2 protein chains.
Amino acid sequence: MVPDAIPVLRSQQSGKDILDEQPAYDLIELFFFAYRDFVSDPDRILDEYGFGRAHHRVLHFVSRQPGLTIAELLDILRITKQSLNRVLKELIEKDFIESRMGTSDRRQRLLFATGKGHDLALKLAKLQTRRIMRALSGMEPEAKETVSRYLLRLIDPSDSAHVKQLVFGTNET
Amino acid sequence: MVPDAIPVLRSQQSGKDILDEQPAYDLIELFFFAYRDFVSDPDRILDEYGFGRAHHRVLHFVSRQPGLTIAELLDILRITKQSLNRVLKELIEKDFIESRMGTSDRRQRLLFATGKGHDLALKLAKLQTRRIMRALSGMEPEAKETVSRYLLRLIDPSDSAHVKQLVFGTNET
DNA sequence: AATTTTATGTCAGCCTTGTTGACATATCTC
DNA sequence: GAGATATGTCAACAAGGCTGACATAAAATT
């Protein structure tokens, strides 16, 4: 125990000591289990197309943000261009995503989901939505808003404005 | 739009139509970004020990549940025993986890974190707790409870009693 | 106009962590 | 004693990360 005589080590709120605060095991573990099940839903369907989770992530964001560039996608996914290219190439070959040359900057590749691509992306999103809605049903009406704000605050502060922009299409606090 | 004349296609609550409900893109994407940052925290530290995320998960649950058996651990992680064994072997060799023969059933291996093991597990848990507390600070006091219940309800219903038992050490609803 | 920077693509190889299938051993249960 | 169970292990493979090096076209700079 750190003695009371060292007030600089105490956080401002409720006398909780930063150095020996007890781990939030419940939220840590619930987050693990919830995410495990959440991402497993789409797996069966992706399998039928010969795709994996990496394909899902790429297709999802391209479908959501038509005209996304490679650089923007790399920034969202936080993987290397080599990793991205492996799955993106397959999505393009199998005609789920289309790559067009940029208009203002012709070095850029603007990515668009094809009809097939949108269909699959929507199918997967609805599957995950089903789980989310089941969880929210029977909870207080404010639950969705609370969860949404919590998840946003969990993100690196340096990135949260960017995420807010991507997810909500706005940058307001 | 499905015409109002087909009531069987409507869910019980608030007239929301199951067949064309709009995807919850916000929660889907926020969950992705939040989890991405959440698991990235421990990575730097794990690197120093030559461990990866798989080692982290094993060490975490063994540290939290001393005496865990292989079978129980496999059920928690949902991986094959070969995958588990690869990382578990390293954790034992490097003296972060100890494996003792079961007392009542001597076929079982009971897993325990060593002193070193507990130290590392705690260090990583505190790192993740820091992020969780930062997110919760400034939110309503009920936020933690709401988020916790939401995450639990996100888990497969067939598994939620088990998870509740693991996380809270109880099985009450 | 020449040079440098930027956006993207690609090759080659490596690592972690998942998978399947087969088989071995010790121990418990019937 | 026979069969089921808990664990360990070998081998091979796949997905999806990574690094490093190099190539090209187009934009930006000087």
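**The pocket, the helices and the interface**

Guide: This is a predicted model. Start with the largest pocket: α1(B) gives the largest share of its lining, twelve residues.

Visitor: How many residues line the largest pocket, and which lie nearest its centre?

Guide: The lining has 43 residues. Nearest the centre are Tyr35(A), Val39(A), Arg53(A), Tyr35(B) and Val39(B). Two or more lining residues come from each of α1, α2 and α3 of chain A, and from each of α1 and α2 of chain B. The space inside is about 1,200 Å³. By class, the lining holds 20 nonpolar, eight polar and 15 charged residues.

Visitor: What are α3(A) and α6(A) to each other, roughly parallel or roughly perpendicular?

Guide: The angle between α3(A) and α6(A) is about 105°. Angles of 65 to 115 degrees count as roughly perpendicular. Therefore α3(A) and α6(A) are roughly perpendicular to each other. Their axes lie 9 Å apart.

Visitor: Which residues of α3(A) meet α6(A)?

Guide: His56(A), Leu59(A) and Ser63(A) do. Their partners in α6(A) include Leu120(A), Leu124(A) and Gln128(A). The residues of this contact are four nonpolar, five polar and no charged.

Visitor: What makes residues of chain B and chain A count as in contact, and how many do?

Guide: Heavy atoms within 4.5 Å make a contact. By that cut-off, 65 residues of chain B are in contact with 65 residues of chain A. The buried area is about 6,800 Å², and carbon and sulfur atoms give 67% of that area. Leu30(B), Phe31(B) and Arg153(B) supply 10% of what chain B buries against chain A, more than any other three residues.

Conventions. Residues are numbered from 1 along each chain as its sequence is written. Chains are lettered from A and ligands numbered from 1 in the order in which they are written. This is a predicted model: local features need pLDDT of at least 70, side-chain atom pairs count only at pLDDT 80 or more; totals for chains, interfaces and linings use all residues. Side-chain values use heavy atoms; hydrogens and water are left out. Axes are lines fitted to C-alpha atoms, for helices over the stretch in contact, and angles run from 0 to 180 degrees between N-to-C directions. Helices (H or I, at least four residues) and strands (E, at least two) are DSSP runs, numbered from the N terminus. Angles under 35 degrees count as roughly parallel, over 145 as roughly antiparallel, 65 to 115 as roughly perpendicular and the rest as oblique. Ala, Val, Leu, Ile, Met, Phe, Trp, Tyr, Cys and Pro count as nonpolar, Asp, Glu, Lys and Arg as charged, and the others, Gly among them, as polar. On a 1 Å grid over the protein atoms alone, a cavity is a set of points where a 1.4 Å probe fits but cannot get out, and a pocket is an open set with protein on both sides within 12 Å along at least five of seven lines; lining residues have an atom within 4 Å of a point. Grid points are joined across faces, edges and corners, and a volume is the space filled by probe spheres set on the points. Buried area is the accessible area (1.4 Å probe) that two parts lose on being put together, summed over both.
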